[in-house]
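Me: Hi, I'm new to this one and would like a friendly walk through it. Could you stay with me while I ask a few things?

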Amino acid sequence: MADKKANSTKYTAVTFLANQGIAVKLSEKYAIMHHKFIVIDGQTLQTGSYNYSSSANKRNAENVIVLWNMPTIAMQYQQEFIRLWHEADVLSPAY
């Protein structure tokens with residue numbers, strides 16, 4: 001899921017994912033979709049400022065934290081993802 005503003009062009013990471021058959025949604029409800037988190041296996045959470053980009057990797061000061069075996073916290077983030085997912089629009093493949 002991403003914000004529509006920065007991801008509506010033909011050559012974005014989310015477009016690439018949609019073209020590979022991976023479910024992607026875009027939201028225009030918010031100016032920027034600034035969440036950065038991954039819920040893994042319902043118990044593990046990765047979150048922080050890290051932007052999952054080349055610049056974040058090579059040039060920026062970023063942080064990330066992984067919380068292992070924290071199902072209560074992971075569930076709260078999962079619920080936020082589900083809420084956002086339901087209010088966003090499907091990005092159809094471009095080809």
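Me: Where is the place of T44?
Reply: T44 is in strand β4, residues 44-48. Strands (E, at least two residues) and helices (H or I, at least four) are DSSP runs, numbered from the N terminus. Before we go on, this is a predicted model, where local features need pLDDT of at least 70, side-chain atom pairs count only at pLDDT 80 or more, and totals for chains, interfaces and linings use all residues. Residues are numbered from 1 along each chain as its sequence is written, and side-chain values use heavy atoms, with hydrogens and water left out.

Me: Is T44 buried or exposed?
Reply: T44 counts as buried, because its relative accessibility is 3%. Buried means under 20% relative accessible area, exposed means over 50%, and partly exposed is in between (1.4 Å probe, protein chains only). Strand β4 is mostly covered, with 4 of its 5 residues buried.

Me: And what is T44 in contact with, leaving aside its neighbours within four places in sequence?
Reply: T44 is then in contact with I38, V39, V66, L67, W68, N69 and A74. Contact here means heavy atoms within 4.5 Å.

Me: Which residue stands opposite T44?
Reply: That one is I40. Strands β3 and β4 run antiparallel and are joined by 4 bridges; two strands pair if DSSP finds at least two bridges between them. β3 and β4 also form a hairpin with 3 residues between them, and D41 in the turn has a positive phi of about 55°.

Me: What about β5, how does it pair with β4?
Reply: Strand β5 (residues 64-67) pairs with β4 in the antiparallel sense, over 4 bridges. L45 stands opposite L67 in β5.

Me: Switching topic: how many strands are in the open sheet with mixed pairing?
Reply: That open sheet has 3 strands, in the order β1-β2-β6. β1 (2-3) and β6 (89-90) stand at the edges with a single partner strand each, so one side of each has no neighbour in the sheet. β1 and β2 (residues 25-27) run parallel and are joined by 2 bridges, and A2 has L26 as its bridge partner in β2.

Me: Which residues make up the largest nonpolar core?
Reply: It has 5 residues in all: A2, V14, A18, V24 and L26. A nonpolar core is a set of buried Ala, Val, Leu, Ile, Met, Phe, Trp, Tyr and Cys residues joined through side-chain atoms within 4.5 Å. Leaving aside neighbours within four places in sequence, V14 is in contact with A2, N7, V24, L26 and L91.

Me: Now the rings. How many aromatic pairs does a search of the whole structure find?
Reply: The search finds 3 aromatic pairs. In one of them, F37 and Y77 have ring centres 5.0 Å apart and planes at 70°, so they are edge-to-face. F37 is in strand β3 (residues 37-40) and Y77 in helix α3 (residues 71-87), 40 residues apart, so to speak a link between distant parts of the chain. Rings of Phe, Tyr and Trp (its six-membered ring) pair if their centres lie within 6.5 Å; planes under 30 degrees apart count as stacked, over 60 as edge-to-face and the rest as tilted.

Me: Is F37 buried or exposed?
Reply: F37 counts as buried, at 16% relative accessibility, while Y77 counts as partly exposed at 27%.

Me: What about salt bridges, how many does the count come to?
Reply: The count comes to 4 salt bridges. A salt bridge is a side-chain nitrogen of Lys or Arg within 4 Å of a carboxyl oxygen of Asp or Glu. One of them joins K29 to E87, with the closest N and O atoms 3.4 Å apart. K29 lies in the loop between β2 and β3 and E87 in helix α3, so this pair ties together parts that are 58 residues apart in sequence.

Me: Which residues are linked with K29 in a network of salt bridges?
Reply: E80, R83 and E87 are linked with K29 in that network. E80 and R83 form a salt bridge with their closest N and O atoms 2.9 Å apart.

Me: Last one: where is confidence lowest and where is it highest?
Reply: Confidence is lowest in helix α2 (residues 54-58), at a mean of 87, and highest in α3, at 97. The score is pLDDT, the predictor's confidence in each residue, from 0 to 100, and the protein averages 91.
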